Amino acid sequence: MTSALTLPPNGSQLASSWPETPAGADPLPGQLDRWLAARGAELVAVRRHIHAHPELSHQEFETASLVARELAVAGLSPRLLPKGNGVICDVGEGDRVIALRADLDALPLPDGKDVPYRSTVDGVAHACGHDVHTTILLGTGLALAQLAERDELPGRVRLLFQPGEECIPSGAPEVIAAGGLKEVAAIYALHCAPQLPVGLVGVRSGPFTAAADTIEVNLRGKGGHTARPHLTTDLVHAMGRVIIDVPSLLDRRVDARAGVSMVWGRAHAGEAYNAIPAEANLKGTVRILNREAWREAPELITSLIRDVVAATGAEVDVKYTRGVPPVINDRMATAVVAGAAGAALGPDRVVEAEISMGGEDFAFYLEQVPGAMIRLGTTPHGADVKPDIHQSTFDVDERSIGYGVRVMVHTALAALAAGTF
């Protein structure tokens with residue numbers, strides 16, 4: 001690996017304690033363990049550069065260019081997405097193709113950390129670990145390129161560096177439209193998990209993250225004085241009925257095992273305390289773990305809202321916006337990545353991942369091909385405080401980069417050898 005990037009001054013202890021091959025782990029082929037150990041500082045430098053220069057969803061032009069340059073230096077042939085904010089790159093040759101995906105975008109949050117690699121962009125920070133995902137996939141691609149040069153890579157591995165994971169519409173459909181899944185047999189990804197200590201990975205078959213949709217309700221009616229509600233359409237009362245009754249009714253109309261969660265996040269009606277308003281607005285999220293229940297949700301929820309509002313006399317408009325499907329990890333793909341993670345880190349470092357009600361647009365790929373997402377532990381052992389993702393103080397133990405590369409290299413090789421899914 002050759003890179004123009006260098007470590008920032010005052011490197012942290014984490015950078016100097018790059019992980020050795022874990023006890024009980026299988027060595028990487030082609031002396032890649034030695035290669036990875038020698039390139040640890042460069043990978044940390046890449047992560048810190050990306051962290052210090054975050055880009056918002058669909059604006060990841062410099063990050064994509066950095067990735068493309070690093071891949072090109074290694075002799076690969078990356079191609080930018082049509083908009084220039086993502087990268088697709090194949091490593092190796094062969095009919096069997098395994099895809100690995102990372103996301104590039106940052107969040108519209110300030111960086112609250114006092115570190116040398118703190119964000120240099122006001123109000124934008126890598127608070128979800130996408131800088132780590134990108135660095136791990138870059139390191140994985142460069143490691144696999146070493147095998148390909150020696151004709152020791154038994155197939156093709158496609159690297160997908162995706163824009164726009166953090167917004168709607170998201171970037172996964174753009175990657176798919178650009179041919180990202182053409183000929184792909186299976187796809188894998190990892191996500192930073194501060195709930196797990198560094199050196200552990202969480203694996204789970206079946207539902208992994210929830211579908212995440214948004215719903216907006218606009219109410220209208222005749223306003224008036226709060227002393228004479230009988231002469232008005234009491235929209236505050238109507239709004240309250242929607243807030244309380246619709247989630248409760250939904251719970252009785254959907255199988256409890258489907259994992260449905262409807263939560264209102266915004267409610268606004270009126271300005272004066274003694275005036276009934278003529279307009280009211282509600283907005284919230286619908287999160288669902290079951291794919292069939294998710295497909296039926298828009299019609300069912302819209303119907304419930306209209307039925308509840310009808311009794312109040314108010315007029316109602318419902319806007320149901322699809323977000324992302326649920327991530328449903330394929331059983332065989334999960335078995336492959338679980339075995340690969342055990343080989344990469346040792347079987348005692350693979351644990352069962354919890355289900356998350358958060359959304360992940362990796363689900364769009366799984367609508368097309370089998371695959372699995374896993375969780376990568378990023379918190380230092382014994383840490384008293386574990387800042388969650390989407391918090392301005394979120395950071396990682398940078399040893400997780402090395403562990404992530406090991407896991408993804410083993411996963412790619414195991415998936416190429418697994419046969420059909």
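**Exercise 1.** Identify the elements that cover the buried residues of α4.

*Solution.* The cover of these residues includes α3 (40–52), β1 (79–80), β2 (87–91), α5 (130–149) and β4 (156–162). Helices (H or I, at least four residues) and strands (E, at least two) are DSSP runs, numbered from the N terminus. The model is predicted: local features need pLDDT of at least 70, side-chain atom pairs count only at pLDDT 80 or more, and totals for chains, interfaces and linings use all residues. Residues are numbered from 1 along each chain as its sequence is written, and side-chain values use heavy atoms, without hydrogens and water.

Next, the covered residues are T63, A64, L66, V67, A68, E70 and L71; buried means under 20% relative accessible area, exposed over 50%, partly exposed in between (1.4 Å probe, protein chains only).

**Exercise 2.** State how D245 and R241 are placed in helix α7.

*Solution.* The two residues form a salt bridge, with the closest N and O atoms 2.8 Å apart. Both belong to α7 (residues 235–253), where four residues, about one helical turn, separate them. D245 is partly exposed at 23% relative accessible area, and R241 is partly exposed at 30%.

Definitions and conventions:
Contact means heavy atoms within 4.5 Å. A salt bridge is a side-chain nitrogen of Lys or Arg within 4 Å of a carboxyl oxygen of Asp or Glu.
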